[in-house]
Amino acid sequence: MNGKVFQRGNTWTYVVDLPRKASGKRNQKKVGGFKSKREANAALAATINQINTGQYVEPSKIILKDFLSQWMEDSVKQQNKKSTASSYQYLLDSHVIQEIGAMPIDKIKPFHLQQLYRKKLESGKLNGKGGLSSTTVRRIHNVLHKAFSTAVKWQLLQVNPADAVDAPRQNKNEMSYLTRDQVEDFLEAAEDSSYKPLYLTAIMTGLRRGELLGLRWSDVDLATGQATIKQTIVKLHDGSLAVEMPKTKSSARTVAFSSSVTTALKDHKRAQAEHRLKLGESYENNNLIFASASGTPINPGNLYRHFKATLRKAQLPNIRFHDLRHTHATLMLEQGVHVKVVSERLGHSSIQITLDTYSHVLPNLQSDAAETLDQAIFGNSKPGEKVEESRALYSIKAAI
């Protein structure tokens, strides 16, 4: 097979002869965008080798569905957590493949993706009741962008069609959390439930649901009141549970908990030990602090249903379980805890994330800080009164 490279503007392109068409006409392939002549020559050599060994497939013969399947197996599942791969697969299966999966990969243009996103925003829900949120459509866009970027690296495409697409603007959800009085009502409603220690720990530590479900007795020190996050339990889209490492490096942290949590966990540990003895060998001991009645990891679906029922019982707003984490952070900030401490407890990768997430609390904190400084300098008097008092003293001294 013959081929050559040449320069176009600031980049390099290669052209290679492919097997002749059925009509006998010459068949060539051009690929450009290489930063150097060396890169173009290396890509040309790889293509010629694929042609000579019978492994070359023209992009126009690869449909999107087949490419995405190979991308998931060879790239996504090799480089990401099971939960990430499961999420990608769900989005592709549910919202992409049925729509444009049969199209040749090199025929997909930004126009097709823009149409897909608009359709999903208008009527994308699987139950047929309305459109997807802008957040979900942005996630679909991000997955496709990564997939097409890989197609460019694999030299199946010259450009990424998702680069020229306007993804929908992500609407920031209004923060939901419980007040101090609502926390008391919620815990009172959960009083006779085996889930109460979990709810209390969630509110008092700000741990994520997966971190709570993955917490083991070996990860906590009840003497010092500390928990170290070493694993999480997540539910995949096929319904199975997976044990994974913490979400980020900053998520693998040690969090101190209060005496109320220590007491609750000690009582919970004794009750769990008694229950395990009663069940004997039928109890599956995974050393989990929060486990099902049989010792297995708690299914997030069961936790969700009990959580919602407890909210209804306490006549509280219909918040998400994740909002217990927001409750923890908001109440701590309102009590004057430094934002850096709150950020570390939550496992945020930067303090800026905490500031952006809980900006609703900051205006009140600013006002409180200003009033505190007022009190420190002027006491119970108003600033103007202090000035008048100083002038009066000066006048008396001058008269003397």
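I started with two tyrosines: Tyr 195 is buried, and Tyr 199 is buried too. Buried here means under 20% relative accessible area, exposed means over 50%, and partly exposed is in between (1.4 Å probe, protein chains only). For Tyr 199 I looked up the value, and it counts as buried because its relative accessibility is 0%.

**What I'm working with**

This is a predicted model, where local features need pLDDT of at least 70, side-chain atom pairs count only at pLDDT 80 or more, and totals for chains, interfaces and linings use all residues. Residues are numbered from 1 along each chain as its sequence is written, and side-chain values use heavy atoms, with hydrogens and water left out.

**Entry: the rings**

A pair of aromatic rings is described by the distance of the centres and the angle of the planes. My rule: rings of Phe, Tyr and Trp (its six-membered ring) pair if their centres lie within 6.5 Å, with planes under 30 degrees apart counting as stacked, over 60 as edge-to-face and the rest as tilted. How many aromatic pairs does the structure hold? I noted nine.

One of them is Tyr 195 with Tyr 199: the ring centres are 6.1 Å apart and the planes at 25°, so I put this pair down as stacked. Tyr 199 also pairs with Phe 307, with centres 6.0 Å apart and planes at 55°, so that pair is tilted. Tyr 199 sits in helix α8 and Phe 307 in helix α11 (residues 300-313), so the pair ties together parts that are 108 residues apart in sequence. Helices (H or I, at least four residues) and strands (E, at least two) are DSSP runs, numbered from the N terminus. Phe 307 is buried, because its relative accessible area is 0%. Ring pairs join Phe 186, Tyr 195, Tyr 199, Phe 307 and Phe 321 into a cluster.

**Entry: a pocket**

Next I went looking for empty space. Rolling a probe the size of a water molecule over the atoms shows where empty space is left. On a 1 Å grid over the protein atoms alone, a cavity is a set of points where a 1.4 Å probe fits but cannot get out, while a pocket is an open set with protein on both sides within 12 Å along at least five of seven lines; lining residues have an atom within 4 Å of a point. Grid points are joined across faces, edges and corners, and a volume is the space filled by probe spheres set on the points.

The second largest pocket has a volume of about 500 Å³. It is lined by 22 residues, and the closest to its centre are Ser 193, Ser 194, Tyr 195, Pro 197 and His 268. By class, the lining has eleven nonpolar, eight polar and three charged residues. For the classes, Ala, Val, Leu, Ile, Met, Phe, Trp, Tyr, Cys and Pro count as nonpolar, Asp, Glu, Lys and Arg as charged, and the others, Gly among them, as polar.

**Entry: a cavity**

I counted one cavity of 30 Å³ or more. The largest cavity has a volume of about 30 Å³. Its lining includes Thr 201, Thr 205, Leu 207 and Phe 257. Seven of the lining residues are nonpolar, two are polar and none is charged.

**Entry: Ser 251**

Ser 251 is in the loop between β7 (241-244) and β8 (254-256). Is Ser 251 buried or exposed? It's buried, with a relative accessible area of 0%. Its side chain makes a polar contact with the side chain of Arg 208, at 3.4 Å. A polar contact is a pair of N or O atoms within 3.5 Å; within protein, one must be able to donate a hydrogen and the other to accept it, and residues adjacent in sequence count only if both atoms are side-chain atoms.

Most residues other than glycine have a negative phi, and most peptide bonds are trans. Gln 155 has a positive phi, near 60°. Gln 155 lies in the loop between α6 and α7 (180-189) and is partly exposed at 23% relative accessibility. Gln 315 also has a positive phi, of about 55°. Gln 315 is in the loop between α11 and α12 and is exposed, with a relative accessible area of 73%.
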